[in-house]
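Welcome! Here is a short briefing to read alongside the model.

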Amino acid sequence: MRTLEAMKRFPPCRCLLLILMAGRTHSDEFMSPTHSPCIQILRPIKHSTVSLGEGPINIRYASPRVSLVNVYMDGTLMQTLTNLTGVELGGITTGAHTLRVELLNASSEVAAVLSWDEARFTACDCGREVCWSETAEVKFLPALENPLLPDQRYMHHDILYRFGRWVGRWEEGYLLDWLGVRTRTAWDCIPGGGYYMFVPSRRMECEYHEGMKPDANEQAKLVYPGFLPPVDDEYPEYVDMLKSVYRSKGQHYVVVELGSSYGTWAVRACAAARRLYPEGSQQMIAVESSLHRFRQLEQHVQANNVWNYTLLHAYVTSTDRAGEGKVSDSQYSSGDPEMKSLVAILDLVDHVDYLDFDIQGAEMEIFRDPLAVSSMNVKVKALHVGTHSLDIHENVKAIMIEEGWTLELDLPYHPRIVECDKSVREEESDAKGSYGWLQRDQSCFTYTDQGPMYVRDGLLSFYNPNFAHDYD
């Protein structure tokens, strides 16, 4: 269970080094913060025997903004990396080696070593065609930022390091994230819009895109690293989604998003699955009741080369209400969406790796439907629910725990959301590039291992023990 208390109990970076030496390289929890520079080798595991066919070298670090990473093999400097690069190391022979990485402060005239880590390992060909004796890919990500604490840095969750960072070319009119997802700037970069005001990562991505805009002479050659998520209430959802992709083990991956808007999480999940398992297949089902957002959803799947999809302009409801006809226009529904039961939606596939709910207060209509819950028990491997009141949050949690599901994330709905949102609006006129526009009323924050976070809707996630073999 990842409750607030559980998220606070993990040790700082210097202690995690001891865990890595014991062979633990992956955690299902958020990693602990570090307010001082730190670097770690996630792979190869210390004192292990490895082959390149098993995966890349993985490095993670938290650091000041201006930093470099030196990679040494057996005392020889192999590469100096910035936070924008991933490289391959060549000329690694079979036998025993020592890999050392150093984090340097590049903001001064003399680059000082801030932190280092070292791993001794044995390279072998292990009967593989490609092995450590030829080349090794290095993947790493820069530190996790919390815009509410802009001078501090945190470690990203382990799961992000399995995917690496997309790098490509800047595009006019499209945001490009770290998974390579293309999103129209016209949808998120609207001053005064809901995402732009209340989800820091959305506005920060807009400003990042604008700040990286090349001039006419640079455009053909500029390398554009996709935008990495900072700490906000979308970061835990990223972790849940990425874990579901990793657990699919390259098998056919299915994501279902209810209340999908323009397909935010379903498209991200398909992009992540393609990135981690390029030989695998993906399928998405997205359900959206707003006709305006549904039209955006149709465009979004095309812009991101998602070909195996089902898009439903529908309102998700209980099984007994599904035949009642159309839904009248409301704050969240427009264009006469049909009423669709969760059972009917899940009947379209034989399994679901990740089911994402964001249905704006209608959660209990589904979770009190025994047929819907039974269908989830049989078909759904991982579940993420956005909750829209404290009662809904506690009721959904109680129902799924009673059904035997394992609770992984529990961040409650904010009871003062209306009052706290108003204090965000008061800061909206602050200049771009500063963080003055963010929520500053500290009583509105939820405190996590990555520092303060403004959690508006509650967040719950569960995994289904009926599929425990997928979590080994």
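Predicted model: local features only at pLDDT ≥ 70, side-chain atom pairs only at ≥ 80, totals over all residues.

Residues are numbered from 1 along each chain as its sequence is written, and side-chain values use heavy atoms, with hydrogens and water left out.

**Helix H7**

- Helix H7 covers residues 264-276, 13 residues in total, and reaches 19 Å from its first C-alpha to its last, close to the 18 Å expected at 1.5 Å a residue. That expected span is 1.5 Å times one less than the number of residues.
- Helices (H or I, at least four residues) and strands (E, at least two) are DSSP runs, numbered from the N terminus.
- In H7, 11 of the 13 residues are buried, meaning under 20% relative accessible area with a 1.4 Å probe and protein chains only. Among them are Trp265, Arg268 and Leu276.
- The buried residues of H7 pack against several elements, including helix H5 (200-211), helix H6 (235-247) and strand S18 (282-288); contact here means heavy atoms within 4.5 Å.

**Nonpolar cores**

- A nonpolar core is a set of buried Ala, Val, Leu, Ile, Met, Phe, Trp, Tyr and Cys residues joined through side-chain atoms within 4.5 Å.
- The largest nonpolar core has 44 residues, of which Phe163, Leu179, Met241, Leu242 and Met284 touch the most other members. The elements that give two or more residues to this core are H6, S17, H7, S18, H8 and S23, and H7 gives the most, with nine.
- Apart from this core lies another, of 33 residues, including Leu346 and Trp405.

**Arginine 165**

- Arginine 165 sits in the loop between strand S12 (153-154) and strand S13 (167-168).
- The side chain of arginine 165 reaches the backbone oxygen of glycine 226 at 2.9 Å.

**Threonine 387**

- Threonine 387 lies in strand S22 (residues 382-387) and counts as buried because its relative accessibility is 0%.
- The side chain of threonine 387 makes a polar contact with the side chain of histidine 393 at 2.8 Å. A polar contact is a pair of N or O atoms within 3.5 Å; within protein, one must be able to donate a hydrogen and the other to accept it, and residues adjacent in sequence count only if both atoms are side-chain atoms.
- Threonine 387 and tyrosine 413 are 26 residues apart in sequence and 6.4 Å apart in space, C-alpha to C-alpha.

Terms used: Buried < 20%, exposed > 50% of the residue type's maximum accessible area, 1.4 Å probe, protein only.
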